[in-house]
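Subject: Structure handover

Hello,

Here is the structure I said I would pass on.

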Amino acid sequence: MRAGSLFRGFSERLDRSRWLGPLLTSPALLLLAIFLAYPLFLGVWLGFTNAKIGWPGRWIGLENYRLLFSDPVFRITAFNTVLYTGVTVVFKLTLGLTLALLLNQRFPGYRLARSLMLLPWIVPTVLSAIAWWWILDPQFSFINWSLERLGLIDQGINFLGDEWLARASLIVANIWRGIPFFAIGFLAGLQAIPKELLEAARVDGASPWQTFWHVTWPLLLPLTTILTTFSTIWTFTDFQLVWVITRGGPANATHLFVTLAYQRAIPGGALGEGAAIAAFTLPLLLLLSWAALRALRRQL
Amino acid sequence: MKGKKVDRRTFIKLGASLAGASAANRFIGARAQGSGQYEPRFPIEKGARLRLLRWSGFVKSDEEYWNANTRRFTKLTGVPVDIEYITWEDVRPKAALAANLGAGPDIVMGWYDDPHLYPQRLLDVSDLAEYLGNKYGGWYDVARIYGYSDVVGHWIAIPVGAPVAALVYRQSWAQEAGFDTFPTDLDGLLKLSQALKKNGHPTGFALGHAVGDGNVWVHWLLWSFGGKQVEADGKTIAINRQETWNALEYAKELYQTMVSGVASWLDSNNNRAFLSGAISLTGNGISIYYAAKRDFPEIAKDLNHANFPVGPVGRPTEFHLFTEAFIFKYTRYPNAAKEYLRFMLEKDQAAPWVEAMNGYVTPALKAYRDLPVWTRDPKVTPYRDGIARMLYNGYAGPPGPKAAAALSEFVVLDMFADACVRGMSPKAAAKRAEDRLRRIYS
Amino acid sequence: MRRSRWFTLYIPVILFLVFLLFPFYWMVLTSIKPNNELVSTTANPFWVRHPTFSHILYLLRETSYPRWFWNTMAVAAGATVVSVVASYLAAFAIARLRFRGSEGLSLGIYLAYLVPPAILFIPLADILLKLRMFDRLWSLVLVYTTFLIPFCTWLLIGYLKNIPVELEEAARIDGASRLQVMTQIILPLSVPGIISATIFAFTLSWNEYLYALVFMSSPENKTVPVGLTTELIRGDLYQWGPLMAGALLGTLPVVAIYFFFVEYYVSGLAGALKE
């Protein structure tokens, strides 16, 4: 009898938001607390020390940050990261959405197309980066080969040797890798839009463009915000693509925060400084997230 | 077709001699075992078990022989050894992790300054280093610098060897350019390069962030003019001087003879370019020759190697990768670890192993100069000599965290690229490098 | 009508696919090209004259590729299941329940995402060591959840908020408990969202390189990206053929799985919403 009432009490409580909510979030929180909170704390703390590999280091306050601000390589890196992130995210978003709208229609082979377009996203980046490395190779690039055969150029384009071309090349490679992420995300979002709404708009005589702009797009906004923020974070903290293709060269023109942090901390041994560079991404991303969250709250 | 035949014959010969060497080993091993006595030099701890982290071999036969030697060690001593092979550039993060956590592999085969980043975490291996040095003709100078720490005052690593780089060139094209023998001075090298370029065979030296090939040739050139990043005190930045400017002037002229795109080259680019015939001259390890013998017999026949020429300072100033083995203090079996390294570097084991690597790694012990691998094919000989001609990372300052940082940030390499590719004046390029070094060495 | 469909649909789709797939064309070619043809500046790079299967055979016979493949699959599948389940529960709570601290929680989960792994593997390693989780494949499952959960949770919050509240309210009036609402009403409706979260999570774990490299040390615990780079890149000699064959062989099964998923989630929500 008592057990029964206990159980009933338990299941009643379970039905209340203020009990059920924390209970349901606890697995996720637990995992994050163990494997993330502490490393994050330690990482931020490292940024305020002069720790080296094998040496614990001591507290030096903002010294690492002061040195970084006076370091031209760091300044180039900051510029690169913002440029790289800004440009690629805009392209990935627009191209990804376009692709999703295209693939949202039915046509012969649409299933195959939907799966194939995921390929750039699936192949391990370490290996697809190697493929890009060949495509952009000064001697073996098949872009150069084709252009030369067509008589458009007489000397190969130095994709990765020139500072701006190298930035552009990595940006293209990153866009290539990122389009499927947006496309698949939006595709699912488009599926969730009730057909009745679109039908109603069409009956009211709206053009496809008007339908998109007044019906589809507003409904996609929350999803857009989420996809964009996460993609921004990923791009902002990108590592593998740059590390494989240029190592941050030429002249540090393609270094991003994380590649520089890694280079200084691990091959260079300066853990504290590397952690400071990595931690530097936090306030920027926080700012961005704050803006995104505000936007989201308005939309939902 | 003919080329292929020759190739196969040399291959068989090589295989036969290797088989001979390992048969001899087996005999020695069997004898030691037969008498039931294996006498370790270091009393092995009871229940010892070792973990080794090392770079994956540049050739597969490296790993095969290393593993076979290890198995024999296990058989003789009863000490199992787990070996983890990873890509050479990934050793540093994993070793760094071990140093920081105080846990991980007992022994690491690392690169360059690795042991000097955390000398206080490493086992004193002076006894082993002295034993091996005495027995095998002594260590090369550079080996002592990488193995001995002035900070703690004893040996912290057992030098293993240098994957030497040399100039790789096409003989027929050099002859066509009027050079029957390879020049041994910088002037000659420049003239040869210019003549090659004129004949439509440009040269190619990596100026991208190539950890191996890029760093190797720019340091050689800088030092050959008497330039250096820092004085022996490890504090005074010495890069922005006349010697450096001269080296940069020379590099600018050499750059005129290079194929387009070197500014983005990483370690493997010159291999591909050379094998495709796009370039006639480059600086590289023996890997080009190795790949040529496998896939491009015609090129293998035509290519040859030469040591980097001597510059105005009048002595060789080469720079090569260097690998050494070190034992972390946290190991529970320090004697077993030392015994393992001793065993692996004794001639019975080391000789067939070095042979199997086909000249990839030149041992740090002088006695291994005499192994037949270095002279059986005269094209391999420069790779033997490179180690006696080399300086060390961070020259003229001491090896250690600062030298490691400067190398990992490609300060010298970027300086050369600034001058050659980006058209900076030598003084401006050197000034920029000086500023970066100042930050690192401050 | 037909012609406009060419301009508004087929040609753009083809252009997209060409851009997205052209590196794969190179990868396929490389995996069947003999070395001397690959490194040639004169040969047509778009074609292969003497195709060879030796690279693929080398990969399958001389390396532990099948082992790496199953390792990767197991880790990715495990990490995906754990993350998607944990994320779904969390997302449901945050999106559908009102409780104190839900705002803070969602923010916390979000912030967790801002941490770049390239530098934080050292502190993380410290924890794995203390928990005796080094060199255990299943520990990767738990480690990967750190970058999967934040994303999956937010993605699912986005989907869940779009599901009309009326459905839930009707069920509540009929006497269903909140858990019943979650499993019987909301869950079937959120299948498309769950499938996309699954695809994202699986792909991200499938791709991961750094943690798999530094936290595993036995050769039998290597994943595909780590195994391929450690076995097939030897100094400055890359074994291009086997490398690319490995990248492709590993990818094909994943694509095949997604092929069926994609169809499923197309029909999923569209039908459910009509109720």
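This is a predicted model: local features need pLDDT of at least 70, side-chain atom pairs count only at pLDDT 80 or more; totals for chains, interfaces and linings use all residues.

Chain B overall

The secondary structure of chain B consists of 20 helices and 13 strands. Its C-alpha atoms occupy a box of roughly 65 × 60 × 30 Å along the principal axes. A compact globule of 442 residues would have a radius of gyration near 22 Å, and chain B agrees with this because its own value is 22 Å. Of the 442 residues in chain B, 66% are buried. Among contacts in chain B with a separation of 6 or more, 78% are between residues 24 or more positions apart.

The accessible surface of chain B is about 15300 Å², and carbon and sulfur atoms account for 52% of that surface. As for charge, chain B carries 54 positive and 46 negative side chains, with the centres of the two sets 4 Å apart.

Salt bridges

Side chains of opposite charge can pair when their charged atoms come close. Over all chains, the search of the whole structure gives 36 salt bridges. Three of the pairs are described here.

The pair R439(B) and D71(A) forms a salt bridge, with 3.4 Å between the closest N and O atoms. This pair crosses between chains: R439(B) is in helix α20 (residues 426-441) of chain B, while D71(A) is in the loop between α3 (63-69) and α4 (72-103) of chain A. Both R439(B) and D71(A) are buried. They also belong to a network of salt bridges that links D71(A), R264(A), E273(A), E409(B) and R439(B).

Within chain B, R376(B) forms a salt bridge with E355(B), and their closest N and O atoms are 2.7 Å apart. R376(B) is partly exposed, as its relative accessible area is 35%. E355(B) is buried, with a relative accessible area of 5%.

In chain C, the side chains of E168(C) and R96(C) meet in a salt bridge at 2.9 Å, N to O. E168(C) belongs to helix α8 (residues 165-173) and R96(C) to helix α4 (residues 65-96), so this pair ties together parts 72 residues apart in sequence. Both E168(C) and R96(C) are buried.

Regards

Note on methods. Residues are numbered from 1 along each chain as its sequence is written. Chains are lettered from A and ligands numbered from 1 in the order in which they are written. Side-chain values use heavy atoms; hydrogens and water are left out. Helices (H or I, at least four residues) and strands (E, at least two) are DSSP runs, numbered from the N terminus. The radius of gyration is taken over C-alpha atoms; the globule rule is 2.2 Å times the number of residues to the power 0.38. Buried means under 20% relative accessible area, exposed over 50%, partly exposed in between (1.4 Å probe, protein chains only). Contact means heavy atoms within 4.5 Å. Accessible areas come from the Shrake-Rupley method with a 1.4 Å probe; for residues, only the protein chains shown count as cover. Lys and Arg count as positive and Asp and Glu as negative; His and the chain ends are not counted. The place of a charge is taken as NZ of Lys, CZ of Arg, CG of Asp or CD of Glu. A salt bridge is a side-chain nitrogen of Lys or Arg within 4 Å of a carboxyl oxygen of Asp or Glu.
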